[in-house]
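Subject: Handing over a structure, with notes

Dear colleague,

I am passing this structure on to you, and my notes on it follow below. Please read them with the model open beside you.

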Amino acid sequence: RSWSPGRARHINASRRACLVARFGFIYAQERFDAESLLRTYISDMETVQRIIYTAAVESFYAAKMAYWKFKIQVKEALALAHSGPESLEDAVLDYIVCHKDAYDVHASVKEVIRSMNINPKISFPPEIDFIVLSTLIQELCCLAFSMQTLVPPLDVAFGIDGELFNESKYYRSPDSDFTAAFVAYHVWPALVEDGVVIVKGEVVTKR
């Protein structure tokens with residue numbers, strides 16, 4: 001097929017829109033399903049929400065690491081025979097987009113669960129095995145991996161308990177203290193592009 005920068009930008013914009021919409025659907029539906037599942041094991045809603053937030057953040061981290069390793073392998077292979085017309089970097093991205101099935105998402109899921117099991121904020125509930133969240137984690141890993149193929153890539157924002165509430169970055173959960181200035185804990189991460197929030201996350205604020 002013919003290649004042109006204009007066509008590449010159009011395809012990138014279309015994929016970006018689809019991936020951002022998918023992020024929103026996971027937040028609105030699959031996150032809620034995961035909450036309902038966890039509530040059958042854990043009565044404390046804060047613990048449930050902390051677990052799901054951690055799963056989301058760890059999924060993005062694991063997928064980004066997997067993407068970085070995969071990209072290096074592809075670049076080394078394509079560099080041996082690359083001749084254009086697009087740059088080697090564009091050829092690598094094009095290849096990865098067309099071969100996303102080569103991503104070993106199950107290895108990332110295992111890595112996420114391992115990280116969650118040693119996270120001191122959520123690793124204590126003995127009544128739950130985080131493998132019950134495998135479906136949600138797999139969805140998030142696949143989404144995050146695909147988001148790395150965009151130019152620029154999309155990522156979730158870094159958040160810490162006790163940070164100052166930023167209304168351009170987060171929504172407050174309904175059970176928040178709306179007069180509180182600081183984040184007690186995070187429910188869902190914000191989505192960012194080049195450091196700019198394009199989809200707000202959700203937090204609980206308390207005094």
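The pairing of β4 with β5 is antiparallel and extends over 3 bridges, where two strands are said to pair if DSSP finds at least two bridges between them. Both strands belong to an open sheet of 3 strands, in the order β1-β4-β5, with antiparallel pairing. Because β1 and β5 stand at the edges and have a single partner strand each, one side of each is left without a neighbour in the sheet. On average, and with direction ignored, neighbouring strands of this sheet are turned by 45° against each other; axes are lines fitted to C-alpha atoms, for helices over the stretch in contact, and angles run from 0 to 180 degrees between N-to-C directions.

Before going further, please note that this is a predicted model, in which local features need pLDDT of at least 70 and side-chain atom pairs count only at pLDDT 80 or more, while totals for chains, interfaces and linings use all residues. Residues are numbered from 1 along each chain as its sequence is written, and side-chain values use heavy atoms, with hydrogens and water left out.

Asp194, in the loop between β4 (191-193) and β5 (196-199), has a phi near 55°, which is a positive value in a residue other than glycine. Asp194 counts as exposed because its relative accessibility is 65%; buried means under 20% relative accessible area, exposed over 50%, and partly exposed in between, with a 1.4 Å probe and protein chains only. In the loop between α5 and β1 (154-156) sits Pro152, and the peptide bond leading from Val151 to Pro152 is cis, with omega near 0°. For context, most residues other than glycine have a negative phi, and most peptide bonds are trans.

A second open sheet of 3 strands has the order β2-β6-β3, and its pairing is mixed. Its edge strands, β2 (170-172) and β3 (183-188), each pair on one side only, and the twist from one strand to the next averages 35°. Strand β6 (residues 201-205) runs antiparallel to β3 and is joined to it by 4 bridges. Helix α2 (residues 45-79) packs on this sheet, touching β3 and β6, and its direction makes about 60° with that of β3; contact means heavy atoms within 4.5 Å. Since 5 of the 6 residues of β3 are buried, β3 is largely enclosed by the rest of the structure.

Glu202, in strand β6, counts as buried because its relative accessibility is 8%. When residues up to four places away in sequence are not counted, Glu202 touches Tyr27, Arg31, Tyr170, Tyr171, Ser173, Pro174, His186, Val187 and Trp188. Arg50, which lies in helix α2, is buried as well, with a relative accessible area of 17%. With the same exclusion of residues up to four places away, Arg50 touches Lys121, Ile122, Asp161, Ala184, Tyr185 and His186.

Helix α5 (residues 134-147) has 14 residues and reaches 20 Å from its first C-alpha to its last, close to the 20 Å expected at 1.5 Å a residue, the expected span being 1.5 Å times one less than the number of residues. Helix α5 is mostly covered, as 10 of its 14 residues are buried, among them Leu136, Leu140, Leu143 and Phe145. The axes of α5 and helix α4 (residues 105-117) come within 9 Å and cross at roughly 120°. In this contact, residues of α4 including Val105, Val109 and Ile113 meet residues of α5 including Ile137 and Cys141.

With best wishes

Notes. Helices (H or I, at least four residues) and strands (E, at least two) are DSSP runs, numbered from the N terminus.
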